[in-house]
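Here is a briefing for a reader new to this structure. Look at the sequence and the model first, then read on by topic.

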Amino acid sequence: MLDPDTARRITDAVDAAFDRQLQFTAELVRHPSLRAAEASAQDLMAAQFRERGLAVDRWTLDGEALSAHVGYGPTTVAFEDLTNVVGTYTASEQRGRSLILNGHIDVVPTGPEETWEHHPWDAVVEDGWMYGRGVGDMKAGLAANLFAFDAVLAAGFTPAATIHLQSVVEEECTGNGSLAALQRGYTADAVVIPEPEENMLVRANVGVIWFRVRVSGKPTHVREMASGFNAIDAAYTVMGALRELETKWNSDRGNHRYFEDVDRPINLNIGMISGGDWPSSVPSWCEFDVRVALYPGISAADAWEEIQECLRTTDSGAAVSAERTGFFSEGYVLEEGSDAEAVLAAAHEKTFGSALQSFTTPGYLDGRVFALYAGIPALVYGPVSESIHGFDERVHLESVRKVTKTIALFIADWCGVTEPA
């Protein structure tokens with residue numbers, strides 16, 4: 001445990017640099033790092049790592065290697081447009097426990113920009129909040145990792161273990177970015193991921209599958225509708241069957257630890273739909289894209305088979321097929337009692353003056369990559385945010401400040417520090 005003077009020096013260093021931290025966060029937001037367009041934001045992250053004297057590793061994701069892994073999610077974009085960046089600090093004398101500070105640079109689309117009160121790429125600050133697409137999910141967290149690391153050094157200390165600062169892609173759609181970093185050999189004794197988690201620690205979260213359903217019909221002129229078969233109408237029948245599967249899975253929540261009291265742990269979202277070729281033609285096709293959750297302990301393969309069985313047995317009168325288009329991930333539980341959680345809890349209490357709370361989330365997190373495939377304690381813990389994936393996404397700045405202090409104290413305690421003579 002850190003002594004009071006060490007902790008005070010580190011938290012004071014966070015305060016001293018907080019204006020610069022917000023400026024950097026705003027700069028990150030102004031790089032619209034949509035899927036397969038993250039290059040300029042990754043340029044910025046790589047430059048920041050180099051400025052700090054970190055060893056920088058930037059590479060293009062290897063589709064062949066990823067596709068051989070059980071945690072791979074099929075991608076619908078070119079791998080040559082997907083790059084990760086890692087900055088590594090290596091202690092001159094390894095005495096402490098190693099650490100990964102992970103965050104994702106990719107963001108989701110804005111939707112119609114005219115519906116935003118503040119432009120999604122302007123990073124406006126108002127009434128203690130910063131607004132912008134990705135500011136909460138999770139560029140404020142990426143900046144918190146970087147400036148927490150800075151604070152330890154600025155306070156006059158040197159971490160006594162290896163630290164990997166990761167900026168990864170594909171978190172919003174496949175999880176392949178963090179998976180690629182793991183395949184490249186980046187492991188540690190713990191990982192911190194400052195996703196927007198309301199100043200709390202994630203205890204458990206769901207797995208996710210993305211898939212596209214295609215419903216086939218028979219085209220005719222609308223004057224002869226009775227002799228055709230409307231694929232869009234049939235698609236609604238298929239959607240109804242999937243909703244019944246969703247209800248069934250939700251009714252089983254009492255059998256899944258930490259999900260017993262979650263109102264709707266299994267959310268099935270029909271996120272995109274298209275179909276037909278002409279307003280006066282009975283549509284011969286309809287496609288819709290689905291995201292559905294699954295409980296920890298349920299294999300993605302088993303859940304996928306149940307989805308396919310639902311589609312096979314639905315009486316829609318149409319030919320129905322499905323293909324996976326992204327996430328094929330399983331959920332995980334952060335088991336209680338780890339040393340890493342204890343250190344985070346102590347750092348949180350020192351910063352916030354209250355005990356660290358944990359909760360269960362029905363959303364996807366890259367923590368599953370480290371927990372399931374490397375046995376690394378994954379501490380997903382981050383600031384208060386609102387409207388992530390929605391209009392006027394925003395992050396609470398005082399929460400960001402305190403979370404940064406917590407991460408900085410965690411680095412110092414977990415990795416250990418030395419003070420040059």
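**Backbone, pocket, cavity and cysteines**

Glu 198 is partly exposed, with a relative accessible area of 35%. Partly exposed is the range between buried, under 20% relative accessible area, and exposed, over 50% (1.4 Å probe, protein chains only). This is a predicted model, where local features need pLDDT of at least 70, side-chain atom pairs count only at pLDDT 80 or more, and totals for chains, interfaces and linings use all residues. Residues are numbered from 1 along each chain as its sequence is written, and side-chain values use heavy atoms, with hydrogens and water left out.

**Backbone points**

- Glu 198 has a positive phi, near 60°, and is a residue other than glycine.
- Glu 198 sits in the loop between strand E8 (191-193) and strand E9 (201-205). Helices (H or I, at least four residues) and strands (E, at least two) are DSSP runs, numbered from the N terminus.
- Tyr 258, also not a glycine, has a positive phi near 80°.
- The loop between helix H7 (231-251) and strand E11 (268-275) holds Tyr 258. Tyr 258 is partly exposed, at 22% relative accessible area.
- Asp 137 and Met 138 are joined by a cis peptide bond, with omega about -5°. Met 138 belongs to helix H5 (residues 135-154).

- Beyond its neighbours within four places in sequence, Asn 145 is in contact (heavy atoms within 4.5 Å) with Leu 101, Asn 102, Gly 103, Leu 165, Val 192, Pro 194 and Ile 407.

**The largest pocket**

- The largest pocket holds about 1000 Å³ of space. On a 1 Å grid over the protein atoms alone, a pocket is an open set of points with protein on both sides within 12 Å along at least five of seven lines, whereas a cavity is a set where a 1.4 Å probe fits but cannot get out; lining residues have an atom within 4 Å of a point. Grid points are joined across faces, edges and corners, and a volume is the space filled by probe spheres set on the points.
- Its lining has 36 residues, and those nearest the centre are Val 108, Glu 172, Trp 210, Phe 327 and His 389.
- Strand E10 (207-216) gives the largest share of this lining, four residues.
- By class, the pocket lining has 16 nonpolar, nine polar and eleven charged residues. Ala, Val, Leu, Ile, Met, Phe, Trp, Tyr, Cys and Pro count as nonpolar, Asp, Glu, Lys and Arg as charged, and the others, Gly among them, as polar.
- Domain 1 (4-205 + 332-418) and domain 2 (207-329) each supply at least three residues of the pocket lining. These bounds come from an automatic or database domain assignment.

**The cavity**

- The whole structure has one cavity of 30 Å³ or more. About 50 Å³ of space lies in the largest cavity.
- Met 1, Leu 2, Val 343, Ala 346, Ala 347, Lys 350, Leu 409 and Asp 413 form its lining.
- Helix H9 (339-352) and helix H11 (397-415) each give two or more of these residues. H9 gives the most, with four.

**Cysteines**

- There are zero disulfides (pairs of cysteine sulfur atoms within 2.5 Å) in the whole structure.
- The closest cysteine sulfur to that of Cys 286 is in Cys 310, 16 Å away, which is too far for a bond.
- Cys 286 is buried, at 1% relative accessible area. Cys 310 is buried too, at 12%.
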